[in-house]
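User: I'd like to learn how to read features like ring pairs, salt bridges and helix faces from a set of coordinates. Could you walk me through an example?

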Amino acid sequence: MAGSSTQQHYTLVDGLRGVAALAVVLYHYMHFAMTGTDHDRYVEYLSLQPFRTVLGPFYVDGHYAVQLFWLISGFVFAAVYFGRNTTTRGFAANRFARLYPLHLLTLLIVAALQAAALAKLGHSLLYDNFDWRHFALQLFFASDWLEGQGHSFNGPIWSVSIEVVVYALFWFLREPLRRAGPVGLLGAIGLCLMASALGTVTRIPVCAFYFFSGVALLRLHEWLGSRWRLPVVLGFAVIGGVGLAQDNAMLREVAGLTGLFAAVLLALASVENRTSAGLRRASGWLGDCTYGIYLWHVPLQLALMLVLLPAVNPAILASKAWFLPLWLGAVIGTARLSFVWIERPAREALRRLGTPRGKGQAAWAG
């Protein structure tokens, strides 16, 4: 496990990241029940959600996709950066190019939409804290470094705000962790878990726990022979099932979610080279849309609600069976256009400021 990564591109993992983004969109579907910023109104809408018998777990627990994002990020970063000769400038330029252009664009759009909501309705929509301090925090990716700041503007960016801190931590620890092997990685994961259990000041240790668990899963996948991969996947699935059955919330998340997500991640990585080219292309296509799906769905909700309110109740419209596929199609379509016309061109232009790197692998890490 101490050797360098194979730097393989795991397209099925890309697809899983896209599915996780759609899970967050389904969880936030309840936003349509809100005429203001009262998130307690979610419960009023539970019985109105279309296709609830099938999509109920996503409507209720879709927010756990954030932990899956963090786990996948660790897996991908280890695949791309372990053993790779990359400068700090190149790493920073790639991270900035990957994350910031779309973040800035959607932040400005949400600010304009919230200003329009204040003028038309007399209050903001979906999120409170519409002020200059929270705008500045979001502008510098610092909105959720500390607990208690409250969601604001483009709310889903909270998880990225935390993750960028962990990116920096990974970058400066990557070589010591690679050389230390399993013991070093397990120690780092244990320290992150201990810090998350002892403190409530920030969620950064929680993110770091999942991220470095993802790093460990990549190293485990590379180390395992093909005959052991299925038993290990089943083992993680059992751990996940047992963990989810516990009454203790921390056990459910640490053992249940991590075990279940680890099983899925390792299973997809194991069958990557045995799946059809068409499935890999589709997974890569959806993976390219992930960041756009995550950052565009709230601005799109705000725009639609601003048009409808106060004359039309968005909850009634969103309860129709035909509306959900139309909504998901609009979000995915916007994300695809965003990737082709905004994200990819901006990324390619900004990356020229950093050290040139492997085209495919650099683009994958994100």
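Predicted model: local features only at pLDDT ≥ 70, side-chain atom pairs only at ≥ 80, totals over all residues.

User: How many aromatic pairs does the whole structure have?

Analyst: A search of the whole structure turns up 28 aromatic pairs. One of them is tilted, because the rings of Tyr-29 and Phe-323 have centres 6.4 Å apart and planes at 50°. This pair links distant parts of the chain: Tyr-29 is in the loop between H1 and helix H2 (42-45), Phe-323 is in helix H14 (residues 323-351), and 294 residues separate them. Both Tyr-29 and Phe-323 are buried.

User: Are the rings of Phe-91 and Trp-171 stacked or tilted?

Analyst: Look at the angle between the planes: under 30 degrees counts as stacked. For Phe-91 and Trp-171 the planes are at 15° and the ring centres 4.3 Å apart, so this pair is stacked. Phe-91 belongs to helix H5 (residues 88-121) and Trp-171 to helix H7, so the pair ties together parts 80 residues apart in sequence. Phe-91 is buried at 6% relative accessibility, and Trp-171 is buried at 3%.

User: Which residues touch the most other members of the largest nonpolar core?

Analyst: That core has 98 residues, and Phe-212 and Ile-293 touch the most other members. Helix H4 (residues 65-81) gives the most to this core, with 14 residues. Skipping neighbours within four places in sequence, Phe-212 is in contact with Val-166, Leu-169, Phe-170, Leu-177, Leu-185, Ile-189 and Cys-192.

User: On to charges. How many salt bridges are there?

Analyst: The general idea is that side chains of opposite charge can pair when their charged atoms come close. This structure holds 8 salt bridges. In one of them, the side chains of Arg-203 and Asp-144 meet at 3.3 Å, N to O. That pair links distant parts of the chain, 59 residues apart: Arg-203 sits in the loop between helix H7 (158-198) and helix H8 (204-223), Asp-144 in the loop between helix H6 (132-139) and H7. Arg-203 is partly exposed, with a relative accessible area of 24%, whereas Asp-144 is buried at 6%. There's a network here too, with salt bridges linking Asp-144, Glu-147 and Arg-203.

User: What about salt bridges inside a helix, such as the one between Glu-175 and Arg-179?

Analyst: Check the sequence spacing against the helical turn. Glu-175 and Arg-179 are 4 residues apart in helix H7, which means they are separated by about one helical turn. Their side chains meet in a salt bridge at 3.9 Å, N to O. Glu-175 counts as buried at 18%, but Arg-179 is exposed at 58%.

In helix H8, Glu-222 and Arg-219 are 3 residues apart, about one turn of the helix, and their closest N and O atoms are 3.0 Å apart. Glu-222 is partly exposed at 24% relative accessibility, while Arg-219 is buried at 2%.

User: Last one: which residues of H11 are buried?

Analyst: Ser-283, Gly-284, Leu-286 and Gly-287 are buried in H11. They cover an arc of only 165° around the axis, so they're on the same side of H11. The buried residues of H11 pack against helix H1 (11-27) and helix H12 (290-308). You can check the length too: at 1.5 Å a residue, the 12 residues of helix H11 (residues 277-288) should span 16 Å, and the end C-alpha atoms are 16 Å apart, which agrees.

Notes:
Residues numbered from 1 in each chain as written. Heavy atoms only, no water. Helix = DSSP H or I, 4+ residues; strand = E, 2+ residues; numbered from the N terminus. Expected span 1.5 Å × (residues − 1). Buried < 20%, exposed > 50% of the residue type's maximum accessible area, 1.4 Å probe, protein only. Arc of directions from axis to C-beta. Contact = heavy atoms within 4.5 Å. Core = buried A, V, L, I, M, F, W, Y, C linked by side-chain atoms within 4.5 Å. Salt bridge = Lys/Arg side-chain N within 4 Å of Asp/Glu carboxyl O. Phe/Tyr/Trp six-rings, centres within 6.5 Å; stacked < 30°, edge-to-face > 60°.
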